[in-house]
Amino acid sequence: MSGGERALRLARAYLSRVAEPPAPALASFVAELGPVRAAELVRRGEVPPAVDSQTSARRAEDRAEDDLRRVARIGGRLVVPEDEEWPAWPFTALSVAASHGLRCGLAPLALWVRGDADLAGLVERAVAVVGSRAASGYGQHVAAEFGFGLAEAGVTVVSGAAYGIDGAAHRGALAAGGRTIAVLACGVDVAYPAGHQALLERIPRQGLVVSEYPPGHTPARHRFLTRNRLIAALGDGTVVVEAGRRSGAKNTAATTAALGRVLMAVPGPITSASSQGCHELLRSGEAVAVGSVAEVIESTGRLGDDLVRAGRCDGPGPPQGDAMRVHEALGLAGGRSAEAIAVESGVELARVRALLPELELVGLAERDAAGWKRSQRTTGRGDA
């Protein structure tokens with residue numbers, strides 16, 4: 001590393017700690033003078049009043065050297081806007097939002113990253129999957145299936161590593177052998193929530209753990225709201241799987257819409273408090289309804305390449321893998337319970353419960369009073 005590059009990285013590391021993000025006055029100061037000169041002046045307190053207000057409490061906290069060593073010990077690094085792997089295009093929306101005075105705007109000064117993957121490469125095609133921490137079984141199944149299906153299709157799953165929907169989405173992506181990014185509201189060396197320590201150890205092996213907060217920073221309520229703008233910006237769109245009326249996921253949803261990204265919501269039971277936020281987003285027209293991975297990819301994908309083949313006359317075709325085994329275990333006349341289908345197919349019960357609604361969506365299964373059976377509309381199509 002050259003002397004100039006080292007000075008640049010030390011300056012960005014210092015600036016990431018000296019002010020609580022987002023810090024618009026400091027960001028403008030850095031953009032005008034460059035990070036090295038800006039850091040020098042901040043240390044000396046020779047800054048405009050607005051910058052002083054954001055940096056005076058911490059300007060003596062120069063731990064850049066220690067922070068860089070600390071993150072390197074856990075397989076991490078500092079990614080800065082001058083790096084090739086900086087996600088410049090996704091963060092353009094944040095800069096535009098900031099120029100229009102939107103509170104959700106402003107790109108980070110730097111990102112602390114844990115994992116070997118290239119950040120810009122991971123977000124070339126990415127979708128954020130978010131939702132309630134107090135998720136229902138339905139919500140967790142949907143999030144896991146979406147995470148699995150998106151990763152299987154080569155789409156990076158972005159979320160916040162929280163309990164509930166976030167964790168299910170990450171696990172689904174990992175189970176598919178795909179890529180996922182966890183954006184934290186604390187340092188990348190802090191296991192939060194504590195119950196997801198093992199998950200946060202697995203994610204860097206197939207993706208990245210990312211934060212704009214330096215090592216050792218602990219989570220706080222305002223930091224969750226701040227990091228939500230990064231989740232929204234890094235995805236081509238955001239899927240809200242479940243959200244209560246006051247869910248933090250609705251903050252991510254609002255940011256997604258403000259950034260001009262595609263906002264999607266999964267409908268849930270009308271009796272479920274966990275889905276009321278999703279239903280509000282759908283009723284207001286802010287979000288488009290999605291019920292399958294194919295619909296998510298169509299909503300966020302490349303024009304003409306990722307359309308759902310709903311209008312084809314040859315039907316959905318035969319199911320594959322676990323879906324084929326579940327389909328073949330369905331009764332032809334009377335319905336069967338999910339438990340009976342799991343025994344017959346040899347597919348674990350949780351996977352069976354997730355696949356049955358998907359088979360119903362493509363017209364290969366239907367429900368009756370006794371349980372699940374093959375759809376009368378498609379019996380004989382794709383059957384062995």
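Which residue just after α9 takes a positive phi? In this predicted model, the residue in question is Gly177, with a phi of about 75 degrees. Helix α9 itself spans residues 165-175 and is mostly covered, nine of its eleven residues being buried. These buried positions are Ile165, Asp166, Gly167, Ala168, Ala169, His170, Gly172, Ala173 and Leu174. The elements covering them include the strands β3 (126-130), β4 (156-159) and β5 (180-183), together with the helices α8 (137-152), α10 (197-206) and α11 (221-234).

The strands β3, β4 and β5 also belong to an open sheet of nine strands with mixed pairing, arranged in the order β1-β2-β6-β5-β4-β3-β7-β8-β9. Val183 has Val210 of β6 as its bridge partner. Helix α14 (residues 293-300) lies across β3, β7 (237-240), β8 (262-265) and β9, and runs at about 165 degrees to β8.

A further site involves Arg351, which is located in helix α17 (residues 349-361). Arg351 counts as buried because its relative accessibility is 18%, the cut-off for this class being under 20%. Apart from neighbours within four places in sequence, Arg351 is in contact with Glu145, Phe148 and Asp322. With Glu145, the contact includes a polar one between the two side chains, at 2.7 Å.

How values were computed. Residues are numbered from 1 along each chain as its sequence is written. This is a predicted model: local features need pLDDT of at least 70, side-chain atom pairs count only at pLDDT 80 or more; totals for chains, interfaces and linings use all residues. Side-chain values use heavy atoms; hydrogens and water are left out. Buried means under 20% relative accessible area, exposed over 50%, partly exposed in between (1.4 Å probe, protein chains only). Helices (H or I, at least four residues) and strands (E, at least two) are DSSP runs, numbered from the N terminus. Contact means heavy atoms within 4.5 Å. A polar contact is a pair of N or O atoms within 3.5 Å; within protein, one must be able to donate a hydrogen and the other to accept it, and residues adjacent in sequence count only if both atoms are side-chain atoms. Two strands pair if DSSP finds at least two bridges between them. Axes are lines fitted to C-alpha atoms, for helices over the stretch in contact, and angles run from 0 to 180 degrees between N-to-C directions.
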